[in-house]
Every structure is written in structure tokens, then in C-alpha cells.
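User: I've got a model open and would like to learn how to read it. Can you walk me through a few features?

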Amino acid sequence: MSAKKNILWYQNAVFYELYVRAFRDSNGDGHGDLVGVIEKLDYLKELGVDCIWLLPLYPSPLKDDGYDISDYYGIHSDYGTVEDFDRLITEAHKRGLRVITDLVVNHTSDQHPWFVESRASRQSPKRDWYVWSDTDQLYQDARIIFLDTEDSNWAYDEKTQQYYWHRFYSSQPDLNYDNPEVAQAMLGVMRYWLDKGIDGFRVDAVPYLFERDGTDCENLPETHAYVKEMRRFVEANWPEAIMLAEANQWPEDVRAYFGDGDEFHMAFHFPVMPRIFISLHLENAQVIRDVMARTPAIPSGCQWCTFLRNHDELTLEMVTPEEREMMWSVYAPDDRMRLNLGIRRRLAPLLGNDLRKIVLANNIMFSLQGAPVLYYGDEIGMGDNIDLPDRNGVRTPMQWREGANVGFSEAPADKLYAPVIDSPEYGHKRVNVAEQRVNAGSLFNRMKELIALRKRYQSFFSGSQEFIEVAHPEVLAVVHCCDKGELAIFHNLSGSDVSFSLHHPPMQGAALTEVSCKDGRLSNPGQPTSAQVELDPYGSLWLLRDNSL
């Protein structure tokens, strides 16, 4: 069955972020590959996700795990071939699964032929494909993103005795989008992969494409103008394909990247993510309500993406200094767990491997407007390895079954790209897909049920969203409305039972249905003054008022 059905497929899709190197090694070389992903497509279909997001696949020296691209038109040899990629797209679409890939537009590797030629001499035809300067004093208002490793956004080139600009690592020089040749070259890259049948791009590091002195070099008008050009190009040729923005900014700043519905189709909602963790620690829902209150409306046809964890650190850029210190103290007590302004840990360890809290955090994410994004392995509660450098500790092999190499690879253990998790709490004997599939109460099966629940009522998440007050500050209550009725979802952020009267007028005296009641219940339904919501510790309850009844 073809995955392509409708032009707004993404609005309520469930995305699955997949690191190919970590997922399944089909040829025994110790690295996950595209054929390995094909072998596991039925697993993803069983889980219930709609779209796979693949991290960078391109040839790369891997100084930044593939985000330093040396060839936009190839597949890294560890992952297979372009023909393997073509087969993956075909097999995914047969199962009704869509596929988007990472597109790194801001920079390349310093080993990319474009940059090799650019730095060859000041007279090089590609000199102006990158940002060069005689001085490192330009753009001083631009922040340094990787504070742990970089002390400047400029790097000196001995051969040509000029500086080149980089917003990330010095091995990742920024492209010069003031040069029309660069702008056209990136559209050519997009054409190549879209013609292969992918369903869109997650576009990396969007805010930094242009530089202007006297600004912070972020979110500039020129960037928005180029994004509009990208959108026109995609829409004219591949109308079902999407562009998803990675813009780690406040929601009011990200709002501009939707334009008038003529820029990105989707964008990540970064600030809500840390506030879910803050709320769980404080047992108070107010910080979630606050950040959602400052989230502006977006154009019809656009959508946020929500997430709990991903391949990077849990960013704490958009919290107060006090909240950041609290998050580090509670969720990263060991300094090795910290990176840049964030925390390099997976979801299960962050929440103390407490199944109730893990399910609740996902329930909160799934109850908010926006398309949920799951990170590979979090659906089974995988752990992390803080002894590995940088973000590698949250990019370890997927744990498929108990036993040697956790079913990831047939290679000798010392040939694996990274060691498997072997701790007593998170090792393969306790955390693996095979065991959780047959355990009805496992995290995998709870996530499978939650995905199915969200998809069953997806029409409500395209309507309006309202947060309602209840008598308990530890309860987050959100109501979704559409012409079919109302869907009210309640979350108990505390470790104690909670009970309260339901005073939301449209639901008072109405016939209500408990559509998810494992961790909560409604007593005396249909009574105007006595309907009671009862929530277990860290429990959630979904209630439906159906207009057709």
C-alpha cells in the first residue's frame, strides 16, 4: 500500500527518529545499516508510527556524527548504497510508512570538495561559497553555540591567511547563502532526494543561514526569504513532501518560520520539552500551561512537533537560570551527564526508570497539539552510557533481544561502533524488544496503546486546545474541541492519588466516555454537580463527550 494519501498527512502523524548506525546491523560489520532498517520496518509498523525520520546518511568524516557532510549526493559506506536507500523507501511505502531525512543546510564538513576548493586560494571559483574575512571581529553579537569546545565562531586558515565563519564546530564551515550559486546548489540537493521518493526533510540549524554585522545573526529576514524559496520549490514539484524546521528558539520566534503558511510545514516546539520535566519534579503543571500560553497560533496547514528526547542533549537554553540549576541538580547530578547548556541522558534514566513517570511524560506529549516524535529505543526504556563522549551516550545500539550484542549485530563485541548497554538496570536482560512484546504491561505495549489512542482521536487535535484549571495544581488538564465533541485529558503530576469535581461546563451533565482509564476513572458520570475525576499517582485519564450521542 502506498504511504501517499493526503497533502496534510503530517499534521497528526507520529514520527520516529531513527539513527541508522544504531538500529540493526545486517552484514556483521558492527555498524547499523539501511538493510537492517528494512529488516525492522514491520516492527515500526507494529508500534504504530507513521513516519520515520532518518538522521544524516551522507558520506562524512563523522566528526559530528554525520552532521558534517562531505557529499550531499551519496550514502555513507557504513550504511550501504544509494540502491539500498531506494529499496528502503519502496519497502517503507509498501507498509504505509513515510520517510523524511535530515538536510543540513547551514554548513558542510571542512572535507567537502566545495570547501576544499574554497580554501585552496583566495582566487578559487568557490571562495565565495563560504564566509571568509580578514578579521575575526565581524558578527561579534552572534552567540557561540558549542561553549564546551569553541571559543570563537571564526577559525583561521593558515594557507590563505583569512578566517572562515562557523556557528558549530570549526570543522563545519558555514555556507554563504548570499551567493546565489550556493542557494541553487542546495535546491539541487533537495531535488535529488525528493526525486527518490522521500516524504520531506527535517532541516537542520535553520536560523543561522545569513550573517549581518550588528545582529545576532539569527532569524534574519534573508533567512526567511530563502526558506520561502525552498517551500515554493518543494510545493511546485512534490506537493505531499514536507519541510520540518529545527529552530531551537522561543515559540514566538519560531512562529515566523511558518510564515503565512508559505515557509515550513512543521517546526519543533523546543521550550515545552524541559518544562515537562520541571513540572514532574515540582508536581505542578503551571510551567507547562505558561509556555503553552505564550505559544502563538500558527497558519492553517502548519503544525508543531513535540518531543521528550532526541539524539542531542536535552537543551536548557530556554529556561531560567534557576530552572537550569534545578534541572542539572535533579536530572544530571553527575557532571558527566551535562553537555553545553543541557543534559545528555535518555528518557528512562532521567525519570529514574519509573514506568509510571515514563508513561505519564509520553501521555502529556501525546495530549498536546502537535505531532509527537519518539526517539528510537525510548519506546522500550533504553538507558544511556555517560562514559561515552559527547552525545554518543544516547546513541547506543538498539536492544532487540537478550543475549550477545542484544540482537543488534553478529559482529564481535569489540567491533561494534559503540558498546551495548550492559548495566543491571538497563542491560539486555531487562530491557529488550522481544521480552516487552509479550509482556502486556510493558512500556512497549503501553506506548503502542498510546499511539493507537492518539490516532483514534486525531481529529480532535486539529481543532482548538484549551487548558482548564482544576482545584489541584499538580493536575494538567487540556481540552480539545472539534465538531465531533470534546476530548478532555487529565494528568496527575504527583505521586499521590488525586480526586476532584469536573467543573468544565460543556462536560457537566453530559454523557462521557472513558477512552483511556488504566490510571484514572470517572465516578458519577453525567451528574451536573457530582462527576468526579479520580487519578492514580502519575496517572492520566482521557474523557470523551461525543456530539453524536
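This is a predicted model: local features need pLDDT of at least 70, side-chain atom pairs count only at pLDDT 80 or more; totals for chains, interfaces and linings use all residues.

User: Let's begin with strand β10. How many of its residues are buried?

Analyst: The general idea first: in a regular strand, side chains alternate between the two faces of the sheet. Here, five of the five residues of β10 (residues 303–307) are buried, so the strand is largely enclosed by the rest of the structure. Q303, C305 and F307 sit on one side, with W304 and T306 on the other.

User: Which strands does β10 pair with?

Analyst: β9 (residues 266–268) pairs with β10 in the parallel sense over three bridges, and there F268 stands opposite C305. β14 (residues 371–375) also runs parallel to β10, joined by three bridges, with P372 of β14 opposite T306.

User: What about helix α10, which residues are buried there?

Analyst: In an α-helix there are 3.6 residues a turn, so residues three or four places apart point the same way. In α10 (residues 286–293), the buried ones are V287, I288, R289, V291 and M292. Their cover includes α9, α11, α13, β15 and β16.

User: Which residues touch the most other members of the largest nonpolar core?

Analyst: F15 and Y16, out of 160 residues in that core. Helix α6 (residues 180–195) gives the most to it, nine residues.

User: And how do I read the largest pocket?

Analyst: Rolling a probe the size of a water molecule over the atoms shows where empty space is left. The largest pocket has a volume of about 510 Å³. Of its 32 lining residues, F146, F168, E246, D312 and R391 are the closest to the centre. By class, the lining has 14 nonpolar, eight polar and ten charged residues.

Notes. Residues are numbered from 1 along each chain as its sequence is written. Side-chain values use heavy atoms; hydrogens and water are left out. A nonpolar core is a set of buried Ala, Val, Leu, Ile, Met, Phe, Trp, Tyr and Cys residues joined through side-chain atoms within 4.5 Å. Buried means under 20% relative accessible area, exposed over 50%, partly exposed in between (1.4 Å probe, protein chains only). Helices (H or I, at least four residues) and strands (E, at least two) are DSSP runs, numbered from the N terminus. Contact means heavy atoms within 4.5 Å. On a 1 Å grid over the protein atoms alone, a cavity is a set of points where a 1.4 Å probe fits but cannot get out, and a pocket is an open set with protein on both sides within 12 Å along at least five of seven lines; lining residues have an atom within 4 Å of a point. Grid points are joined across faces, edges and corners, and a volume is the space filled by probe spheres set on the points. Ala, Val, Leu, Ile, Met, Phe, Trp, Tyr, Cys and Pro count as nonpolar, Asp, Glu, Lys and Arg as charged, and the others, Gly among them, as polar. Two strands pair if DSSP finds at least two bridges between them.
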